[in-house]
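Here are my notes on this model, point by point. Keep the structure open while you read.

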Amino acid sequence: MSKSKILVTGATGNIGKYVVEELINRNEKVLAAAFTERQSEEKVEWVSFDFTNPTTFDSALEEVDRVFLIRPPQLAKPQKDMKPFLLKVKEKGIRHIVFVSLMGVERNRVVPHRKIEDLIKELEIPYTFLRPSFFMQNLNTTHRDDIKLRDELYMPVGKARTSFIDTRDIASVASICLTEEDHLNKAYTLTGSEALDYYEVSNILTNVLGRTITYRNPGFFEFRRTIIKRGTRKDFANVMTMLYAITKMGTAEKVTEETQNLLNREPIKFEEYAKDFKHHWM
């Protein structure tokens, strides 16, 4: 009998692409899911997949027994957008799903991540919930143009601190949970080793990039209006505004040791991340 595959959703994204690499290094058979069709390679098989298109589910789950699940940010209604796929996962008898959730989600019933966690539990799918703090890589994706074109950090969080985590560390943890024992039906709060405010972040970026990066601290309504004007979809802008409002209350400052304990090393520091991804802002 051939070795079972691991389906990696969001396989071209901030976390998924590193999960694919980690699993290949562990000699796992990977089925990498992407919205558009890609040519399969020697070490990874690609499959077209869309959470909103049930006709893609069977091929994405063929010979699969474990799933790495990440919610596309534009899908903000889990009952409509995610439940059909989770029902198919249940029907196929998937033995483990690792879902990238959100730090503090256990105290927040409003965010989509919590609703997805609840759906997975209701369906009794064996799970591991990874609850990371804010991704460092949000700054070279979602906020890239603010830094690259405007020399600014633009988010409404005041002086609140954030225990940023590198998505490469999240991927490493995910690969451990997918391939090693003792992680079923557990939830891990993943953070970096330090909590920084955005003034400190702007100083680090200024030093790394060799030009002044200024932290702007708009009000929530100004933030939402501005990012929509700059091209962000309204539903995603609403989620971003809500998450930053929660952050401003101090909910993202917690630093845990779970990342370090799972990886047996210190998490990647923000300055190291900034140097590695410097080219995105030049």
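1. A definition to start with: buried means under 20% relative accessible area, exposed over 50%, and partly exposed in between (1.4 Å probe, protein chains only). At 13% relative accessibility, Glu28 therefore counts as buried. This is a predicted model, where local features need pLDDT of at least 70 and side-chain atom pairs count only at pLDDT 80 or more, while totals for chains, interfaces and linings use all residues. Residues are numbered from 1 along each chain as its sequence is written, and side-chain values use heavy atoms, with hydrogens and water left out.

2. What does Glu28 pair with? Its side chain meets that of Arg66 in a salt bridge (3.3 Å, N to O); the term stands for a side-chain nitrogen of Lys or Arg within 4 Å of a carboxyl oxygen of Asp or Glu. Arg66 lies in strand β4 and Glu28 in the loop between α1 and β2, so the pair ties together parts that are 38 residues apart in sequence. Arg66 counts as buried too, at 5% relative accessibility. As for element names, helices (H or I, at least four residues) and strands (E, at least two) are DSSP runs, numbered from the N terminus.

3. By this rule the salt bridge count comes to 27. One of the others joins the side chains of Arg26 and Glu180 (3.3 Å, N to O). Arg26 sits in the loop between α1 and β2 and Glu180 in the loop between α7 and β9, so this pair ties together parts that are 154 residues apart in sequence. Arg26 is partly exposed at 31% relative accessibility, and Glu180 is partly exposed with a relative accessible area of 39%.

4. Glu200 and Arg161 also meet through their side chains in a salt bridge (2.7 Å, N to O). The pair links distant parts of the chain, with Glu200 in helix α8 and Arg161 in strand β8, 39 residues apart. Salt bridges that share partners also join Asp146, Arg150, Glu152, Arg216 and Arg230 into one network.

5. Now the sheet. It is open, has seven strands in the order β3-β2-β1-β4-β5-β6-β9, and its pairing is parallel; two strands pair if DSSP finds at least two bridges between them. The edge strands, β3 (44-48) and β9 (186-190), each pair on one side only. Neighbouring strands are turned by 20° against each other on average, direction ignored. Helix α1 (residues 16-25) packs on the sheet, touching β1 (5-8), β2, β3 and β4 (64-69), and its direction makes about 165° with that of β1. Contact means heavy atoms within 4.5 Å; axes are lines fitted to C-alpha atoms, for helices over the stretch in contact, and angles run from 0 to 180 degrees between N-to-C directions. Five bridges join β2 (residues 29-34) to β3, and Ala34 stands opposite Ser48 in β3.

6. How enclosed is α7? Of its 13 residues, 12 are buried, so α7 is largely enclosed by the rest of the structure. Among the buried ones are Arg168 and Asp169. The helix geometry checks out: at 1.5 Å a residue, α7 (residues 167-179) should span 18 Å, and its end C-alpha atoms are 18 Å apart. The expected span is 1.5 Å times one less than the number of residues.

7. The largest nonpolar core has 68 residues, of which Phe68, Leu153, Tyr198 and Phe270 touch the most other members. Its largest share, seven residues, comes from α7. Such a core is a set of buried Ala, Val, Leu, Ile, Met, Phe, Trp, Tyr and Cys residues joined through side-chain atoms within 4.5 Å. Not counting residues up to four places away in sequence, Phe270 touches several residues, including Met136, Phe164 and Leu205.

8. Two backbone spots deserve a look. Most residues other than glycine have a negative phi. Asn27 has a positive phi near 65°, and at 61% relative accessibility Asn27 counts as exposed. Glu63, in the loop between α2 (57-60) and β4, has a positive phi of about 60° and is partly exposed, with a relative accessible area of 43%.
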